[in-house]
Amino acid sequence: MAMSVDNQQFQAELEKARDDARAICAEKGESSAECAAAWDAVEEMQAEVSHQHQQPKKTSFDQYLEENPDAPEARMYED
């Protein structure tokens, strides 16, 4: 199970990755492979944040089924 991106430890690691990337780029140069790799790591962490924050939207039908679990439409049929 992945760590929640809202977790303080994850946020601290993301901030550290940003700081590391800035330091590496300052030392190695903005166009260095090390600089690019450091920012790639930051982007991957940010992508995980976006991914975890995207909740699929419920359809009106899903909402109806939740509110009316005994409705005929809520029946599940086995093949």
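Phe61 is partly exposed, at 43% relative accessibility (buried is under 20% relative accessible area, exposed over 50%, partly exposed in between; 1.4 Å probe, protein chains only). Tyr64 is likewise partly exposed, with a relative accessible area of 35%. The model is predicted: local features need pLDDT of at least 70, side-chain atom pairs count only at pLDDT 80 or more, and totals for chains, interfaces and linings use all residues. Residues are numbered from 1 along each chain as its sequence is written, and side-chain values use heavy atoms, with hydrogens and water left out.

A pair of aromatic rings is described by the distance of the centres and the angle of the planes. Rings of Phe, Tyr and Trp (its six-membered ring) pair if their centres lie within 6.5 Å; planes under 30 degrees apart count as stacked, over 60 as edge-to-face and the rest as tilted. The count is one aromatic pair. Phe61 and Tyr64 form this stacked pair, at 6.5 Å centre to centre and 25° between the planes. Both residues belong to helix H3 (residues 60–67). They are about one helical turn apart because three residues separate their positions in the helix. Helices (H or I, at least four residues) are DSSP runs, numbered from the N terminus.

One disulfide was counted (a pair of cysteine sulfur atoms within 2.5 Å). Cys25 and Cys35 form this link, with their sulfur atoms 1.8 Å apart. The pair joins distant parts of the chain, ten residues apart: Cys25 lies in helix H1 (residues 8–28) and Cys35 in helix H2 (residues 33–53). The link of Cys25 and Cys35 is right-handed, with 95° about the S-S bond. Cys25 is buried, at 3% relative accessible area. Cys35 is also buried, at 3% relative accessibility.

Notes: Helix = DSSP H or I, 4+ residues; strand = E, 2+ residues; numbered from the N terminus.
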